[in-house]
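Here's a quick briefing on the model below. Have a look at the structure first, then read on for the interface, the sheets, the helices and the charged pairs.

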Amino acid sequence: MSESTFLDTGVIFGYCVPLDKHHFRCDEYLSGRSDDLYTCSEAEKEYQNVMKKRIEDLSTAVLAHVQSLLKSDLDDSLGPMDIDHIKKHILSRGNDAYQFLYRYYDDELSNFVQRDQLISDLRGLARDIESVSLKRKQRLDSVTEEWEMNGSHQDIRSSLSMIHQEDLTICLHAHDLSTHKDSPLEFATTNPQDFIDDGRESAILEVTAIDSIQNLAIR
Amino acid sequence: MSASGEDDLDARDYLCYTLLEELEAAQPGRSITRTQFLKLTCIADRRLKDEHDLDIELPRYWYQYGEILNEQPISNSTYTMTSGPWGGKKIQPSPGISKNSFFIPPEISQAIYSVVHGVVSEFANEDADKIKNHQYEKYAPSGFIRRFDEFRSFLNDQDQQNASLADFGRGSLQSPEDEAYELLDELLAEYPVDLYSEMHQLFLRWEDTTRLLIEEGDFDKAESLLEDFWETFSKVELRHRHGQNTPESQKVRWLNERDDEIANLGDRLTEIREDVLFDREPNGILQTVAETDLSEDAI
């Protein structure tokens, strides 16, 4: 019988969003995996209500940078000095996309580029952030089963009351699934504050039927 | 100089009443439309300020198609509104109201009559577009609003089936698509981020979504999205930033509506973007800044 993996919301987000800081580890973890993959409606709800907004915010941050370029007095043809000027004076540090836009200018645009081409490429980037996430989410959904918990598991909830309620509910779904499985179940997360740190990992493994916790967070 | 008094019918009501009386006389046999009434009162009030330095505290705010009278704080006893044969509203002075119903200092009533007479001479029998254009040209409170109206007119003028490629083929210098992109670039550059900060994020998403729809050749959907966007923009920004003499209770109600308005438009934009973007191939830049191979079918 194959092993099972239960995905916390952050892992789903990390896999779907290439610009998330946990993306590389989540992608590597899920690539080629032959386990049965599970999640739950709470994780899906959090993805739809919170994570999708973060994807849109990242995309919109790139569009805000495009707007800053249009508002500035740039020449049609941009050289290294202009790119340097954009990095220092037009790209705002307060922009959510600052880090990867800076990296883009640094790594990819050291030579000459047409202003219109740059703007068109950045628009494409903003759109790809959304479209790639959409496609990856659909791909992940097609191989993931949503598990619905039976019972409230009040005794475990009380024992793990130090974990935020929404996160704990997702963890309890994983526990519930494990009680219905004969094979080992791993809980994958990018949230060490709730599931790993300060003795939480051992507390969870002690009171639930979860067999292991995989921390995929980049600290 | 303030002219609002303790009486039930004040200078603001007198301006509304005089406008209706003058319009009725100037366009016999033609109904006074609600649009005419709501806009011309504002133009008259602005002229009262500009030409007579007289502030009668008329409540008005900028909305979807220009500046309009805020009817809520105005006594509705001076006029009656009924359904017109064209489906809109027609307005008449209320029966039993006359000049004698108002107790206003003569210098104020004379000033009001003078500006109203001028406004009616200029705009009676004119269509709503002419009044709207006058407001946009003369009173638009930001260049962005004017620029937006230009883009709206451009989209309204597009009949994608008949005009686009045919006109281009006849030798127009620019295709409608390219003209649209240029107008959108101008809108982006003109947007005053600090003034309209509440709608900035949605504006950016609306602009790019409109561009996507035009790239797909769907001018009709772009036009309908523009109407939705501007209605939300009017509710969230325009009537707050460019209004005067709005009662506190109404301001609170407007503020309470803001979050829902923003969320509803956000949902519509997300829906359209997901539809359009899902079938598009990535342009490659995301691959260069991401750390994994996005083309690989990883799972």
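In this predicted model, 42 residues of chain A are in contact with 39 residues of chain B, contact meaning heavy atoms within 4.5 Å. Putting the two chains together buries about 3,600 Å², and carbon and sulfur atoms give 57% of that. Buried area here is the accessible area (1.4 Å probe) that two parts lose on being put together, summed over both.

A word on conventions: residues are numbered from 1 along each chain as its sequence is written, and chains are lettered from A and ligands numbered from 1 in the order in which they are written. Since this is a prediction, local features need pLDDT of at least 70 and side-chain atom pairs count only at pLDDT 80 or more, while totals for chains, interfaces and linings use all residues; side-chain values use heavy atoms, with hydrogens and water left out.

**Across the interface**

- Eight salt bridges turn up between chain A and chain B, the rule being a side-chain nitrogen of Lys or Arg within 4 Å of a carboxyl oxygen of Asp or Glu.
- One of them pairs Glu130(A) with Arg205(B), and their closest N and O atoms are 3.2 Å apart.
- Over all chains, the same rule brings the count to 46 salt bridges.

**The open sheet in chain B**

- Chain B has an open sheet of three strands in the order 1-5-4, with antiparallel pairing. Strands (E, at least two residues) and helices (H or I, at least four) are DSSP runs, numbered from the N terminus, and two strands pair if DSSP finds at least two bridges between them.
- The edges are strand 1 (32-33) and strand 4 (79-83) of chain B, each pairing on one side only.
- Helix 1 (residues 11-26) of chain B packs on this sheet and touches strand 1, strand 4 and strand 5 of chain B. The direction of helix 1 makes about 100° with that of strand 5 of chain B; axes are lines fitted to C-alpha atoms, for helices over the stretch in contact, and angles run from 0 to 180 degrees between N-to-C directions.
- Strand 4 and strand 5 (residues 89-93) of chain B run antiparallel and are joined by five bridges, with Thr82(B) standing opposite Lys90(B).
- These two strands form a hairpin with five residues between them, and Gly87(B) in the turn has a positive phi of about 100°.

**Parallel strands in chain A**

- Strand 1 (residues 4-7) and strand 2 (residues 36-39) of chain A run parallel and share three bridges; Ser4(A) stands opposite Asp36(A).
- Strand 2 of chain A also runs parallel to strand 5 (residues 144-146) of chain A, again with three bridges. Here Thr39(A) faces Glu146(A).

**Helix 4 of chain B**

- Do the numbers first: the twelve residues of helix 4 (residues 128-139) of chain B should span 16 Å at 1.5 Å a residue, and the end C-alpha atoms are 16 Å apart, which agrees. The expected span is 1.5 Å times one less than the number of residues.
- Ile131(B), Lys132(B), His134(B), Gln135(B), Tyr136(B) and Tyr139(B) are buried in helix 4 of chain B. Buried means under 20% relative accessible area, exposed over 50%, and partly exposed in between (1.4 Å probe, protein chains only).
- The buried residues of this helix pack against several elements of chain B, including helix 2 (34-52), helix 3 (106-123) and helix 9 (219-241).

**Salt bridges within the chains**

- Arg136(A) and Asp27(A) pair up with closest N and O atoms 2.9 Å apart. The pair links distant parts of the chain, from helix 6 (residues 115-143) to helix 2 (residues 23-30) of chain A, 109 residues apart, and both residues are buried.
- In chain B, Arg147(B) meets Glu150(B) at 3.8 Å, N to O. They are about one helical turn apart because three residues separate their positions in helix 5 of chain B.
- Arg147(B) counts as partly exposed at 25% relative accessibility, and Glu150(B) is partly exposed at 37%.
- Lys235(B) and Glu231(B) form a salt bridge at 3.1 Å, N to O, and sit four residues apart in helix 9 of chain B, so about one helical turn separates them.
- Lys235(B) is buried at 17%, whereas Glu231(B) is partly exposed at 30%.
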